[in-house]
Amino acid sequence: MQADPTRKRGVTDLVGSLPLIIFACVLIYISFNAPNFLTLRNLELILMQSLPVVLVCAGLGAVVMAGGDDVVSGGIDLSIPATAVLSAGITAVMLSQGWPLAICAGVALLACLSVGLLNAALVTRIGMTPLLTTLAMFVAVVGVNNVITSSRRIDVDHPWIVALRAQEIAGVPLGIIAVALVVAAIYFALHRTRWGLNLQAAGGSRDAAEISGLPVSRLFGQSFVLASGTGYICGFFVLARGSGSSPGVQDNLMLEMVLATFLGAAFSTRRVVTMWGAVLGAVLVAAISIGFKSIGVNVFWTGLIKGSLIVIVVALSALAQRGR
Amino acid sequence: MSDLSAFSLQGITKEFPGVRALEDASLKVRPGEVHGLVGENGAGKSTVIKVLAGIYRPEAGNITIGTQTLSPATPESVHAAGVRFIHQELHLVPHFTITESVFLGQERVGRFGLDTAGMRADAEAFLRDMLGVTLPGNRLIRDLGTAERKLVQIARALIDGAAKVVVFDEPTAPLASDEVDTVMRAIRRLKEQGIAILYVSHYLSEITDICDRVTVFRQGKTVGVFDDITDASGSDLVYAMVGRDIADMFPKKGTRQTGTGFAIDGLSDGKTFEGISISVGKGEILGIAGLIGSGREELIDTIYGLTKAGSGSFTFEGQPLQIKSAAQAVRAGIVLVPRDRRHDGLVLPMTVAENTTLATLERNATFGLENRRAVSNSTEAQIKALDIRPPNPNAVTRLLSGGNQQKVVLARWMAKSARVFIFDEPTVGVDVGAKAEIYQLIEDLAAGGACVIVSSSDPVELQGVCDRIAVMMRGAIIAELPTEGLSVDTLVAATTGAVDARELADAS
């Protein structure tokens, strides 16, 4: 009666892995044109460059897992990059006024978590769509940050922040180790605990989760708070990477975050957004950005290329979803 | 021995505003038996299940589970007493594994996070030993068939080993016929392990097949408990379900000329129904009967172009028709009065006049602008013809009663001078007086030479209104019965599979 299910599965799988194939082709093209691209030195550079994106992707991954991977009505949190620059902005301004780092970090944490809580309340209590809510939140939080920093660059040379960029432990940069630990902790929480599995169930099928007695709204809300937490941590890596807080970082961060997270679904055998997928996606996206720079693609074209890649990746993920 | 019960509900009365859903109803299930619960739509089956589940609190009555009397019964106390519910809907996460689904919300935790290996072993063992299927615990739900998903759902409810009573609510509704056996075997195995089972279903053939005893509900009351169920009990059950008091609200069927009209040949949607061929002559009323899951609703949606047909063709007066969208259907003169008119049929905040003329805007417009006077005139004519109350074109549609809303939908299509009318559940949510008027309208349409198709879950309505009834079951038409001389009992028996409908058709 139906089309042969195994063949249909095969086609769906192909559509699901197409984003990866496209990325692989782009990377191969770059490595042919930029001879130094595939060196160990360069790979380390790519990893270092990807750290902020990896962190926000981990956060977005959690929200998508808890709210479902429908781009329009499911879970999405576009405000994470704004939370990251808010965290960076508050820390930079307070450091420049002479406050100790611990106090700066504490104030930034409070500010970031309240963004997450506000998102959670708007989405789960009032029932607003996550896409619109967090887009508005993105604009608002960036606005707050502009007020705090007066929209200017603030240099940061606190030794701890510098260490995130320059310190190495046994030959491995401290920043990479720190992010690896954070990601491992979030991975454990999302994939190896009851809480994480319930969160995934909430996003996978709201009805199924509710009928099983899971507190769906609360889980979804918690994912927003977790996401704001990753944005908070990301703020310090933004400071480290840019040697301070500068306006405009959030735009690129947002683009790469969305691209990487949905690209990451292609890494999962279940073709859904997962932690590992999001993290690997972030590294791939950083590789492409650096690759474009090293073969001398005009900066203005990079925006167009990234935008198109987002459309392709999200469209393919929608197609793959329809097939199942 | 016979006094022992796994659970019993006694003297349950439950009222909703304006309706007494249950009146002194009782239901008693013994340990280790499969007990059937049957009744027509609205007989109170789902209410009594919700009372047992502790979701509804009855005004009067006792709920006893095992030896303890629960007062009040709450979802938690009922669960603690060992009662489990297998819901009709298959709510499972598509990209979860069998193991994850079985343990959803009741995961086990080891020293290093989730105890995946242990849970998988237990889930596989449970499916094998208790339900009789061998499935790998890491397979994804979306790769399973519907029957296997049902078994996963059952396993989820029973994996904690504390179940004493299991309530199955229409367990086979989404299944194809060969899948039903898989679920039936699993239920028999549960019974062998001494678990009491309450089996709620519209399919009487399944009830007589698997149940030891059956309770029949009608209009919120227990009207019979049958002790010795055999394959021949079907007609007794139908008699108890339908009762004898059918109000005389149907119009006299006129004698009409019937000519070649609308015909469907070999229609399939590739999922829920296959190879449907029916024809309805001009001036004829064809009924379509079928339980939920028989493919009836999907068939109607496909005829109207709401869902795409996989294969098949439509003709009107012998001429082929293209129906790929609802807009094409309307242009071809085929109109639908949908089952959920509040959502599909009407723009509720608009006035009666606006709703009535939605489909005919181009006729009432001059150079693309709406001609308000023409609209008002044509609406007033329709209001008079259909006796819509209040007779005010500017009344807001939301405030009208169900029956009058239904008439507004009709008025719109009559303004469009359609040739084929499809009614999907025309009297759901409509009071008795309005029902009679709607039946009269349907009769008038046919008398005026239109082809009419009425799809309904109410056998009394079909028997009373239609000239001929096509009975659907599991995606196919199993019989076409002329209504003359057809009793409601026979129709219900055919729809529920209590008798072989093919024999009926041959006999008549």
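Modeller: Let's start with a helix pair in chain A: H11 (residues 249-264) and H12 (residues 275-294) have axes that come within 7 Å and cross at roughly 125°. This is a predicted model, where local features need pLDDT of at least 70 and side-chain atom pairs count only at pLDDT 80 or more, while totals for chains, interfaces and linings use all residues. Residues are numbered from 1 along each chain as its sequence is written, and chains are lettered from A and ligands numbered from 1 in the order in which they are written.

A few terms: helices (H or I, at least four residues) and strands (E, at least two) are DSSP runs numbered from the N terminus. Axes are lines fitted to C-alpha atoms, for helices over the stretch in contact, with angles from 0 to 180 degrees between N-to-C directions.

H11(A) and H12(A) are therefore oblique to each other (under 35 degrees is roughly parallel, over 145 roughly antiparallel, 65 to 115 roughly perpendicular, and the rest oblique). The crossing of H11(A) past H12(A) is right-handed, the term for a near helix turned clockwise from the far one by less than a right angle, with anticlockwise giving left-handed. Among the H11(A) residues making the contact are Leu259(A), Ala260(A) and Leu263(A), and the H12(A) side includes Gly277(A), Gly281(A) and Leu284(A); contact here puts C-beta atoms, placed from the backbone, within 7 Å. By class, this contact has 8 nonpolar, 4 polar and 1 charged residues (Ala, Val, Leu, Ile, Met, Phe, Trp, Tyr, Cys and Pro are nonpolar; Asp, Glu, Lys and Arg charged; the others, Gly among them, polar).

Elsewhere in chain A, H4 (residues 101-126) and H10 (residues 216-242) pack at an angle of about 150°, their axes 8 Å apart. H4(A) and H10(A) are therefore roughly antiparallel to each other, and H4(A) also passes H10(A) in a right-handed crossing. Cys112(A), Gly116(A) and Asn119(A) are among the H4(A) residues that meet H10(A), whose side includes Phe220(A), Phe224(A) and Tyr232(A).

Now across to the partner chain: 20 residues of chain A touch 18 of chain B, and the chain B side has 8 nonpolar, 6 polar and 4 charged residues.

Chain B has an open, antiparallel sheet of 4 strands in the order E2-E1-E4-E5 (strands pair if DSSP finds at least two bridges between them). Its edge strands are E2 (19-29) and E5 (68-69). E5(B) pairs with E4 (residues 60-65) of chain B over 2 bridges, and Thr64(B) stands opposite Thr69(B) there. Helix H1 (residues 45-52) of chain B packs on this sheet, touching E1 (7-16), E2 and E4, and its direction makes about 115° with that of E1(B).

An open sheet of 6 strands in chain B runs E18-E21-E22-E15-E23-E24 with mixed pairing. E18(B) and E21 (residues 420-424) of chain B are parallel over 4 bridges, with Val335(B) opposite Phe421(B). Helix H9 (residues 296-303) of chain B lies across E15, E21, E22 and E23, at about 150° to E21(B).

Finally, chain B is assigned domain 1 (7-242), domain 2 (248-333 + 418-508) and domain 3 (349-416), bounds that come from an automatic or database domain assignment. The C-alpha centres of its domains 1 and 3 lie 47 Å apart.

Note on methods:
Contact = placed C-beta atoms within 7 Å.
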